[in-house]
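Visitor: Please show me the structure. I have some questions about how its terms are applied.

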Protein chains: 2
Amino acid sequence: MIKHIELSKAYRLLNHGPVVLLSAAHEGKRDIMAVAWNMPLNFNPAQLLVVLDKTSSTRKLVEASGTFAISLPTRSQVDVIMNVGSISASQLPSQDKFSHWNLSVTPATHINAPLLDGCVGWLECKVIPEPHNQETYDLFIAEVVAAYADERVFSNGRWHFDDHDQLRTVHYTAGGAFFATGESFNVEKAATS
Amino acid sequence: MIKHIELSKAYRLLNHGPVVLLSAAHEGKRDIMAVAWNMPLNFNPAQLLVVLDKTSSTRKLVEASGTFAISLPTRSQVDVIMNVGSISASQLPSQDKFSHWNLSVTPATHINAPLLDGCVGWLECKVIPEPHNQETYDLFIAEVVAAYADERVFSNGRWHFDDHDQLRTVHYTAGGAFFATGESFNVEKAATS
């Protein structure tokens with residue numbers, strides 16, 4: 001079951017540093033890419049950061065629409081991450097990654113962007129225009145306007161992957177090398193004396 | 001053995017999204033904090049981003065010195081992460097987290113900041129002044145001027161934790177809940193047809 005996440009807790013979907021998929025749409029075009037360089041920026045209002053290279057065709061749709069969606073893919077979707085992350089839509093006969101790889105999507109509700117099915121978390125985002133950051137650093141700041149997660153692995157503000165190994169989120173390093181999100185553990189706060 | 005990392009590969013220390021420790025020093029004061037909100041920003045020049053709350057006393061040293069160090073702590077150091085991440089130096093009798101918790105450090109070589117011993121990676125950083133980002137978003141952009149890693153778990157540009165479970169990097173969510181960096185796997189690029 002997919003559940004809404006309170007916006008002030010939306011950062012918890014990204015806080016552990018997984019690689020995400022970023023999708024956008026504008027005037028009939030749609031695209032999706034992998035983004036390892038993402039992180040939360042603020043709790044309330046919920047904000048996040050992504051780095052989008054100027055060569056990316058998905059970035060052009062983000063700039064045109066002012067919106068994008070983040071989907072959190074799982075260990076069972078690593079081929080999708082590599083495909084959409086390493087190949088441009090312009091290299092495909094169909095010019096559309098979704099149809100080329102038969103990616104099933106659900107429309108976002110607050111923005112116009114496709115959410116990738118089979119993921120375990122989703123964030124709908126509106127760009128906060130910061131032209132200097134976008135031009136100089138390829139850095140985009142956005143406000144999260146809706147967030148959802150699959151309650152099998154995220155509930156009460158916590159990820160819990162122990163019974164769902166194939167639904168673990170994943171972390172990217174380079175050259176096709178990934179790590180699954182690993183063993184969980186809890187640490188108590190220290191005393192000050 | 002600690003080895004220098006080529007600056008254009010420094011992003012690989014952070015790419016998988018671990019929580020890091022950030023330390024800084026200025027005019028005889030030194031401090032250290034945990035930073036979950038960090039990410040690479042560019043390959044060459046090597047740049048990274050961190051979010052530092054205005055209430056942080058470590059931030060004041062970063063602003064005064066224009067530099068900071070990043071240390072990548074391991075699973076065996078999670079108590080240190082929680083301690084320095086949840087308690088302010090001002091709450092301690094000694095007003096110094098390093099002496100309070102007996103944290104052993106090595107001086108950075110390109111900047112004035114303490115590197116935490118026992119970690120598995122280190123980045124020496126110089127702030128690129130961006131006052132609007134710093135004031136509005138608590139966001140600091142920095143250039144990496146030196147990088148090192150423990151070759152037991154990082155060599156040839158890759159992390160490899162399989163034989164060193166206690167040296168795994170860790171990922172933070174909230175409320176004392178961590179994940180270890182988990183199982184590694186490699187995925188081939190797809191063909192376009």
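Visitor: What makes the meeting of the Glu183(B) and Arg75(A) side chains a salt bridge?

Guide: The N to O distance is 2.9 Å. A salt bridge needs a side-chain nitrogen of Lys or Arg within 4 Å of a carboxyl oxygen of Asp or Glu, so this pair qualifies. Chain A and chain B have two salt bridges between them.

Visitor: What kind of model is this, and how is it numbered?

Guide: It is a predicted model: local features need pLDDT of at least 70, side-chain atom pairs count only at pLDDT 80 or more, and totals for chains, interfaces and linings use all residues. Residues are numbered from 1 along each chain as its sequence is written, chains are lettered from A and ligands numbered from 1 in the order written, and side-chain values use heavy atoms, without hydrogens and water.

Visitor: How many residues does each chain bring to the contact?

Guide: Chain A gives 61 residues and chain B gives 61 residues. Contact means heavy atoms within 4.5 Å.

Visitor: What is the area buried between chain A and chain B?

Guide: About 5,200 Å², with 61% from carbon and sulfur atoms. Buried area is the accessible area (1.4 Å probe) that two parts lose on being put together, summed over both.

Visitor: Why are β14(A) and β14(B) called paired?

Guide: Pairing takes at least two DSSP bridges, and these strands have seven, so they pair. They run antiparallel. Strands here are DSSP runs (E, at least two residues). Phe179(A) stands opposite Ser184(B) in β14(B).

Methods. Helix = DSSP H or I, 4+ residues; strand = E, 2+ residues; numbered from the N terminus.
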